[in-house]
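This report describes a structure for a reader who has not seen it before. The sequence and the model come first, and the description follows.

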Amino acid sequence: MGNFIKDNLNNDGVDRRGFLKCMAWAGTGTLCVLQGGVLKSFAMSDIAAMTKQDKAAMKGELSFVQISDSHIGFDKAANPDVTATLREAIAKINALPQAPEFVLHTGDLTHLSKASEFDTLDQTLKAMRTDKIFYVPGEHDVLNDNGQQYRERFGKGSKGDGWYSFDQKGVHFIGLVNVMNLKAGGLGTLGHDQLEWIEDDVKHLKPSTPIVVFAHIPLWAAYPEWGWGTDDSAQALAYLKKFGSVSVLNGHIHQVMQKVEGNVTFHTAMSTAFPQPQPGTAPSPGPMKVPAEKLRSLLGVTNVDFLRGKRTLAIVDSPLDGASTTSSYHLSRPESESESSLYGG
Amino acid sequence: MMKGILSRTVLSAALLGTLGWAAEIHAKNVTPAADEKPSAIEIKIDNFSFMPQDTTVAAGTTITWVNRDDVPHTVVSTNGKFKSKALDTDDKFAFTFSEPGTYEYFCSVHPKMTAKVIVK
């Protein structure tokens with residue numbers, strides 16, 4: 001699996017040796033966190049045994065989960081029971097030592113935009129232990145009706161095709177829709193109205209505000225040949241240039257891919273339904289059938305923790321089988337002006 | 001005796017002639033003769049492609065698209081002339097091309113899938 005970090009560590013000034021040591025612990029489900037320029041690791045199982053002091057230090061921090069591409073209604077060979085694997089993902093989330101404050105679903109909730117599929121998704125997610133779920137639609141959610149059904153059920157309070165923003169503990173979240181009005185031969189698209197709204201939405205925010213953008217199709221050119229990109233995302237990112245920390249969370253490609261470009265981290269999540277091939281390794285990007293015992297190593301959820309005091313972000317991908325070594329990490333840069341003093345040699 | 005053989009021969013010949021005639025009728029409906037163009041064509045959708053990608057037909061031809069892929073696709077012309085609903089696996093969409101011209105179309109769910117129909 002291509003779950004390696006594709007960023008340029010040298011430019012970021014991160015202590016390479018420490019980072020690589022942390023990567024070696026990846027398979028055990030370890031949370032690596034950069035604190036004051038020093039890498040600290042927490043085994044997921046240890047978090048439950050943390051001291052009061054440690055837990056107090058974690059308080060006021062923000063943790064949430066991203067799930068994606070549940071494709072309720074899909075029933076072909078790659079996974080005949082996508083509702084079952086979604087339930088397993090929910091069980092995994094419910095087993096976290098600390099319940100996430102909310103969950104982001106980055107689209108393709110359903111496979112065919114059917115009412116019964118939206119119903120099943122709604123019912124299934126009720127078992128998830130969290131206060132709120134935020135959604136953005138995938139192209140499979142807006143078939144036949146320009147997204148009307150999706151917006152009625154999951155887009156209350158959103159603008160236009162279903163975009164919106166909200167704040168949690170000082171972090172500004174922006175949910176975007178890039179699966180509507182797609183043009184022949186094109187990629188995902190945000191469109192003029194949405195771009196204008198983004199510019200206006202972030203205009204008055206301080207540059208130190210951490211930003212999380214979430215949308216279905218990747219907002220960078222992950223693999224344009226297969227439509228894995230967004231035609232006009234550069235304009236959106238231009239409006240976010242002033243911010244010290246921007247994290248972009250996407251779905252659509254049913255595998256983990258990461259990229260860091262300056263102050264922006266791009267990260268895609270696994271699907272809870274079925275895997276897709278890595279770029280260029282198959283004739284097309286459709287559902288990929290794997291041996292039954294391998295399926296759950298390629299499906300999963302993403303845990304995201306913001307350590308507000310240090311302004312760091314940790315992203316941990318957890319496969320459903322919990323045993324494979326495909327967890328991955330990203331360490332965001334702290335506020336840029338103090339960066340050079342925080343990093344060791 | 002001769003009369004019997006003759007009559008049986010005639011009967012057989014007539015029968016064979018009838019069969020041949022029936023076979024010709026049947027063949028006409030399945031395989032067009034060289035000087036005829038088919039009035040119905042099928043385009044298969046599979047592996048995120050329209051197959052064939054370029055199709056040339058005579059005006060008046062009906063094209064039927066069949067989705068054999070395991071994800072839904074749509075058939076949407078770029079000039080607004082035709083637009084299917086989302087086609088699940090084994091679903092079909094048909095359109096009769098009465099006017100000559102070039103009709104570019106794509107899948108609105110996976111817009112990298114493009115193709116065209118040339119109507120003569």
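## Terms and overview

Two residues are in contact if their C-beta atoms, placed from the backbone, lie within 7 Å. A residue is buried if 20 or more other C-beta atoms lie within 10 Å of its own.

The model is predicted. Chain A contains 11 helices and 13 strands. Of its 345 residues, 45% are buried. Among the contacts in chain A with a separation of 6 or more, 68% are between residues 24 or more positions apart.

## Helix α6 of chain A

Helix α6 spans residues 115–125 of chain A, and its buried residues are A:Glu117, A:Phe118 and A:Leu121. They line one face of the helix, because they fall within an arc of 100 degrees when seen down the axis of α6(A). An α-helix has 3.6 residues a turn, so residues three or four places apart point the same way.

The buried residues of α6(A) pack against α7 (148–154) of chain A. On the other side of α6(A), the exposed residues include A:Ala115, A:Ser116 and A:Gln123.

## The largest nonpolar core

The largest nonpolar core has 82 residues. A:Ala89, A:Leu176, A:Val213, A:Phe214, A:Ala215 and A:Val248 have the most contacts inside it. Helix α5 (residues 82–94) of chain A gives the most to this core, with five residues.

Leaving aside residues up to four places away in sequence, A:Ala89 touches A:Ile67, A:Thr272, A:Gly300, A:Val301 and A:Leu320.

## Contact between chains A and B

Chain A brings 17 residues to the contact and chain B brings 18 residues. On the side of chain A that touches chain B, eight residues are nonpolar, six polar and three charged.

Conventions. Residues numbered from 1 in each chain as written. Chains lettered and ligands numbered in written order. Predicted model: local features only at pLDDT ≥ 70, side-chain atom pairs only at ≥ 80, totals over all residues. Helix = DSSP H or I, 4+ residues; strand = E, 2+ residues; numbered from the N terminus. Buried ≥ 20, exposed ≤ 12 C-beta atoms within 10 Å, placed from the backbone. Arc of directions from axis to C-beta. Nonpolar A, V, L, I, M, F, W, Y, C, P; charged D, E, K, R; others polar. Core = buried A, V, L, I, M, F, W, Y, C linked by C-beta atoms within 7 Å.
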